[in-house]
Amino acid sequence: QTCALPIFQRHVGSGCYCNRQTMIYTTLALALIGAASAEVFFEETFSSGMDKWTPGSPAGKEVGKWEVTPGKWFVDEEVNKGMATTEDMRFHSISAKLDKPASSKGKELVLQFSAKYEAHQYAFCGGGYIKLMPDGLKQATFGGDDEYHIMFGPDLCGYDVSHIHTIFNHKGQNLLKTDKISLEYSDKNEYTHLYTLHLKPDGTYEVFFDLESKAKGNLVDDWDFPKPSIDDPDDKKPSDWVDETQIDDPEDKKPEGYDDIPSQIPDPDATKPEDWDDEDDGEWEPPLIDNPDFQGEWSAKKIDNPAYKGEWKPKQIANKDYEEGVQLAAYESMYIGYELWIVNNGTIFDNILVTDDLEYAKAQAEKLWRPTSKGEKDVKEKWDKENKPADDIPDEDGDGEGDEDAEEEEEEEKDEL
């Protein structure tokens with residue numbers, strides 16, 4: 001028996017329930033089970049302003065102010081209110097104490113937030129990474145020198161620097177991911193995007209962008225955490241080790257007369273100008289052109305080297321810094337915050353969540369972020385038509401005049417930094 005599929009099905013799964021009331025009850029039951037099982041350490045939608053947050057003013061820094069705003073254009077004025085940077089070329093620092101200590105020891109950890117780069121243009125520069133921090137933070141002076149456990153989020157500057165930072169602290173050392181999590185061209189715009197980091201106690205991770213997986217794997221492989229084994233520093237490559245995979249073919253000989261072929265020859269189609277005077281102008285010679293028969297410097301063809309032994313690698317020894325059975329990225333965090341150098345203001349942060357349940361994070365994203373994501377393009381186009389001169393409104397492809405000027409401005413900004 002078949003049945004119509006109302007909107008509730010997408011929350012239930014792929015099954016089709018032929019009783020509409022059954023579908024509703026099933027959906028509500030699944031949602032309640034997910035909410036009941038999730039432990040939420042911190043959740044912020046800024047519906048009550050910035051009551052939880054304390055601005056920081058690190059010594060010697062010119063700091064910018066924060067404000068709660070939905071921005072110039074929005075889908076829902078209340079829902080889209082977030083915490084925004086307001087000043088160009090300023091440090092922006094702010095932090096909040098978690099509602100309860102966030103622990104990743106022996107359990108999963110999910111860090112999620114949205115960021116809207118409302119002022120994004122070709123030459124836009126602005127970081128958007130959030131930090132989880134240990135107890136003892138002095139919020140009033142929170143800055144770049146303060147210890148953190150995790151730093152996560154986008155780093156954008158034009159289209160050269162566009163990736164998602166994911167940095168872990170390990171025994172006082174901040175470890176960057178060995179391969180960057182790059183953003184696609186279509187990922188970089190002025191709309192609200194969602195960033196999610198999921199850590200598991202088995203040492204695996206996954207990073208999502210707009211709920212789509214961008215990177216996943218093992219922490220020990222993708223960051224410079226201590227490995228179980230390391231290269232033996234005393235093991236040296238033998239002097240007779242053969243590294244060359246190919247050699248010149250000893251049977252291949254240079255053709256006779258090969259070096260006699262000139263690289264250029266007189267142009268056979270050239271003719272002496274009628275007004276050329278040999279007495280005044282000298283003897284006429286045709287101009288030179290590239291010789292089609294010239295093949296460049298001769299070299300013997302290559303063959304596989306029969307003496308090749310393969311790539312040499314030092315033998316492995318046990319790593320004294322590796323701790324068997326110790327969970328990586330296991331933290332007890334007490335604070336959350338942003339500490340950013342802002343070139344272009346107007347970034348709006350919202351929907352901040354720290355929990356131990358990925359499904360709960362996804363459900364909150366569907367509830368709070370997804371409707372915004374679906375409606376922003378239309379409201380932005382409407383706002384542009386009402387507020388911008390016609391010449392400044394981009395076409396549907398997002399291409400407009402002035403990209404070259406913007407590129408030059410971006411280079412100037414990078415030089416200043």
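Analyst: What follows goes through the enclosed spaces of this model one after the other. The model is a predicted one, and its chain holds 6 helices and 23 strands, with buried residues making up 39% of the 417 residues. Rolling a probe the size of a water molecule over the atoms shows where empty space is left. In this chain the count comes to 2 cavities of 30 Å³ or more.

The largest cavity contains about 120 Å³ of space, and 15 residues line it, with Asn 80, Ser 114, Thr 192, Asp 350 and Thr 372 lying nearest its centre. The elements that give two or more residues to this lining are strand S6 (109–117), strand S23 (347–355) and helix H5 (358–387), and H5 provides the largest share, 4 residues. By kind, the lining of the largest cavity divides into 7 nonpolar, 5 polar and 3 charged residues.

The second largest cavity holds about 60 Å³. Among the residues that line this second space are Glu 43, Glu 44, Gln 112, Leu 194, Asn 351, Leu 368 and Trp 369. Strand S1 (40–44), S23 and H5 each supply at least two residues here, and the largest share of the lining of the second largest cavity, 4 residues, again comes from H5. Its residues divide into 6 nonpolar, 4 polar and 2 charged.

Terms used
Residues numbered from 1 in each chain as written. Predicted model: local features only at pLDDT ≥ 70, side-chain atom pairs only at ≥ 80, totals over all residues. Heavy atoms only, no water. Buried < 20%, exposed > 50% of the residue type's maximum accessible area, 1.4 Å probe, protein only. 1 Å grid on protein atoms, 1.4 Å probe; cavity = no way out; pocket = protein on both sides within 12 Å on 5 of 7 lines; lining within 4 Å. Points joined across faces, edges and corners; volume = space filled by probe spheres on them. Nonpolar A, V, L, I, M, F, W, Y, C, P; charged D, E, K, R; others polar.
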